Amino acid sequence: MTKSIRILTWLGLAVLGALALGTIALHRGEEINAMWLVVAAFCAYALGYRFYSRFISAKVLALDARRATPAERLEDGRDFVPTNKWVLFGHHFAAIAGPGPLVGPVLAAQFGYLPGTLWILIGAVFGGCVQDFVILLFSVRRDGKSLTEMAREEIGIVGGFVAYAAVISIIVILLGAGALIVVNALKASPWGVFTIAMTIPIAVFMGFYLRHLRPGKVLEVSFLGFIFVMLAIWGGQWVSQTPAVAPWFTLTAPTLAVIIIIYGFAASALPVWLLLAPRDYLSTFVKLGTIALLALGIVALRPTLQMPPLTRFVDGSGPIFAGKIFPFAFITIACGAISGFHSLISSGTTPKLIRRELETRMVGYGAMMCESMVAILATIAACVLSPGTYFAINSPAGIVGQSPEAATATISGWGFPVTAAGMHALAQAVGEQTLFNRTGGAPAFAVGMAHIFSSSLGGQAVMAIWYHFAIMFEALFILTVLDAGTRVGRFMVQDALSHVWRPLGRTGWYPSILATSALIVAAWGSFLWQGVKDPLGGINSLWPLFGICNQLLATVALCVATTIIVKMGNAKYSPVTLAPLAWLVAVTFTASWHKVFDPNPRIGFLAHARQLASSTAPSHGVSRLIFNDRLDAAVAGALVCMVALILLESISLWVSVISGRMQARVREAPFVPTRFAAEEQG
Amino acid sequence: MMRLRQIATTLMAALREIFDESAYMRFLSRNQICSSPRAYAAFLREQENAKARRPKCC
């Protein structure tokens with residue numbers, strides 16, 4: 001392609017992107033097609049990848065095609081393996097893609113489709129993709145070191161400690177919030193409970209099959225497991241329609257919470273091969289398939305968005321979570337725009353598999369673009385629902401009222417018409433008793449997905465199957481995060497406790513396994529229990545807390561990245577990571593301030609505790625809620641203080657290096673020329 | 001046609017890597033043993049620590 005054609009192509013793409021963004025931003029009072037969001041996203045990612053990531057590669061990081069990566073230098077056929085870039089791209093994407101990019105955008109749609117879409121696009125291109133790319137490259141240049149190790153070496157001991165504390169906090173709160181989403185999706189849903197319950201024997205079967213019948217045939221057994229799961233979904237319909245069986249699987253939220261807590265403990269203590277590993281494979285299989293199916297469905301069916309670009313809730317009075325667009329939209333949508341959790345993956349397995357340094361751009365920046373696209377698809381799935389239906393599903397009973405009549409009257413009063421009869425018909429169509437107060441985002445996403453697919457593939461007759469497929473997909477996904485997260489948390493606690501008493505660090509010693517598993521499960525279980533007992537649905541307090549944790553971890557990652565860039569002598573290019581860092585500091589610190597001190601009881605934890613203390617007679621339940629509020633406030637405050645420490649330590653280091661008071665020393669592995677460059681030329 | 005075959009091969013390789021089939025093959029070749037329930041059990045033991053320490057992203 002000649003240079004002029006290339007320039008014209010990129011100019012055309014820029015114009016098309018601007019047109020799409022203009023359409024989604026400026027249309028008022030009329031519905032738009034979802035394809036405008038897809039086109040805007042495609043153009044933004046293409047331009048971001050071609051120009052911005054290339055600038056970062058060449059100028060900021062100076063990627064070196066001649067430098068050997070740890071996968072080549074330390075190749076051992078186990079941890080360090082030079083891997084084809086496309087294979088690694090898929091591997092990295094499968095590792096970073098979780099339930100976050102599906103849930104966050106669905107919840108943030110209460111502001112309308114515009115704020116979430118813009119944040120997903122801008123946040124990903126200038127923040128999330130940059131963070132993943134830069135941390136991946138820096139880890140590659142340090143023999144695949146983890147974020148906490150890099151923080152300790154490059155910033156200082158405080159940096160290392162804060163990164164560790166942020167990681168364990170985010171794991172605990174993520175697990176609590178995730179489990180709550182599953183509880184809200186499965187309560188009073190015999191079909192959903194049966195399907196998810198069946199995934200446990202299916203996983204155990206897969207474990208035995210892999211270990212004893214066909215060793216190592218993971219793809220084959222995952223496909224078999226998928227067929228069994230589809231049969232379980234089909235069987236779930238029979239269960240829900242059989243009066244003698246349905247009550248066994250019709251569970252209340254507290255019962256489900258207890259079951260999930262016991263499950264989490266068992267999954268952490270059982271051998272990996274029996275439950276954790278096969279569920280992980282099954283969940284990954286379903287996840288990749290569903291994301292591909294959703295993308296194809298939206299592109300093929302081109303649904304219309306029913307949600308307006310902006311709703312009245314931009315003023316902070318939203319029923320799903322209280323608070324204004326700034327800062328709450330930016331902590332609600334984390335994984336689709338920028339997610340601190342990704343920095344753990346970028347400094348985990350992936351840097352040990354990268355074959356060439358140049359490939360960090362495609363894997364780090366590119367995989368995050370795909371994750372961001374998943375968030376755009378989730379936004380679309382939520383916004384194809386009529387706003388009345390969307391708010392009826394997502395609003396807690398404490399806000400809209402207990403009965404269907406009260407809820408529909410409240411929501412219709414907001415200007416989003418919905419009727420009790422319409423909601424009842426929709427619930428029947430998806431095979432549920434009710435869809436009111438299904439907070440957490442998962443049921444709304446499932447209804448949106450079922451709505452998209454049922455308009456072509458099978459029609460209304462199979463809407464219930466699509467809905468339960470989506471619920472199964474999300475619940476399976478979250479439960480996999482839950483059992484893996486409990487185990488990771490257990491290892492982290494064991495590592496920490498080994499400094500106190502060495503035997504506690506032994507991963508094969510059962511007393512230690514049981515004690516540390518119980519500790520982690522109790523930590524996230526208490527957040528889950530608090531959410532279940534919260535009359536506002538729990539998501540109102542837990543999801544923002546999770547968002548704050550996740551973005552604070554991103555703040556730590558960007559502090560590490562900026563420090564390394566400054567130490568490399570590239571301070572003039574430090575705004576590449578400094579700008580998203582400054583934005584995240586503004587967002588997370590403001591959000592934390594509001595969540596702790598805001599006088600509105602729906603936002604501030606302390607104000608809510610005061611309101612409870614003054615408005616009701618003291619009882620055990622109320623005391624518990626007050627304690628929960630104070631605990632949440634303490635967690636948010638402690639995290640902000642720790643991140644402020646690492647920020648101050650980093651700033652002091654940058655000033656010392658830039659002013660010449662300190663000689664910068666980056667701790668990269670020594671340069672070794674790669675053999676792959678010569679092989680490729682030869 | 002050639003290009004399609006190349007894409008399909010890469011896709012399968014990516015799936016084999018994601019689902020640890022490639023890791024098992026590397027384990028077999030590193031230890032110069034054939035696939036068997038005993039070999040897979042040994043592979044799982046080796047994998048267990050690394051896999052269980054890997055966080056699943058949100």
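This report walks through a predicted model, from its chain interface to its salt bridges and a nonpolar surface patch.

## Ground rules

The model is predicted, so local features need pLDDT of at least 70 and side-chain atom pairs count only at pLDDT 80 or more, while totals for chains, interfaces and linings use all residues. Residues are numbered from 1 along each chain as its sequence is written, chains are lettered from A and ligands numbered from 1 in the order in which they are written, and side-chain values use heavy atoms, with hydrogens and water left out.

## Chain B

Chain B has three helices and zero strands (DSSP runs numbered from the N terminus: H or I of at least four residues for helices, E of at least two for strands). Along the sequence that reads as α-α-α.

Of its 58 residues, 41% count as buried (buried is under 20% relative accessible area, exposed over 50%, partly exposed in between, with a 1.4 Å probe and protein chains only). The accessible surface of chain B is about 3600 Å², with 60% of that belonging to carbon and sulfur atoms (areas come from the Shrake-Rupley method with a 1.4 Å probe; for residues, only the protein chains shown count as cover).

## Where A meets B

On the chain A side, 54 residues are in contact with 31 residues of chain B (contact means heavy atoms within 4.5 Å). The two chains bury about 3600 Å² between them, 68% of it on carbon and sulfur atoms (buried area is the accessible area, 1.4 Å probe, that two parts lose on being put together, summed over both).

There is one salt bridge between chain A and chain B (a side-chain nitrogen of Lys or Arg within 4 Å of a carboxyl oxygen of Asp or Glu). R78(A) pairs with E46(B) in a salt bridge, with the closest N and O atoms 3.8 Å apart. Several helices of chain A each supply at least two residues of the side that touches chain B, including helix 4 (85-96), helix 9 (190-213), helix 10 and helix 22 (463-498).

## Salt bridges across the model

Over all chains, the count comes to 18 salt bridges. One of them joins R67(A) to E668(A), at 3.3 Å between the closest N and O atoms. That pair links distant parts of the chain: R67(A) sits in the loop between helix 2 (35-60) and helix 3 (70-73), E668(A) in the loop between helix 27 (620-659) and helix 28 (675-681), 601 residues apart. R67(A) is buried at 12% relative accessible area, whereas E668(A) is partly exposed at 23%.

K567(A) and E154(A) also meet in a salt bridge, 3.1 Å from N to O. Here helix 24 of chain A, which holds K567(A), is linked to helix 7 (residues 147-154), which holds E154(A), across 413 residues. K567(A) counts as buried at 11%, and E154(A) is buried at 1%.

Then there's E220(A) with R214(A), 2.7 Å from N to O. Both ends are partly exposed: E220(A) at 28% and R214(A) at 38%. Elsewhere, salt bridges that share partners tie R67(A), R141(A), E357(A) and E668(A) into one network.

## A nonpolar patch

F205(A), F223(A), I227(A), F228(A), L231(A) and W234(A) make a nonpolar surface patch of about 610 Å². Patches take residues with over 30% relative accessible area and no salt bridge, joining like charges within 9 Å and nonpolar side chains (Val, Leu, Ile, Met, Phe, Trp, Tyr) within 5 Å.

Helix 10 (residues 218-241) of chain A gives the largest share, five residues. F228(A) lies in that helix and is partly exposed, with a relative accessible area of 32%.
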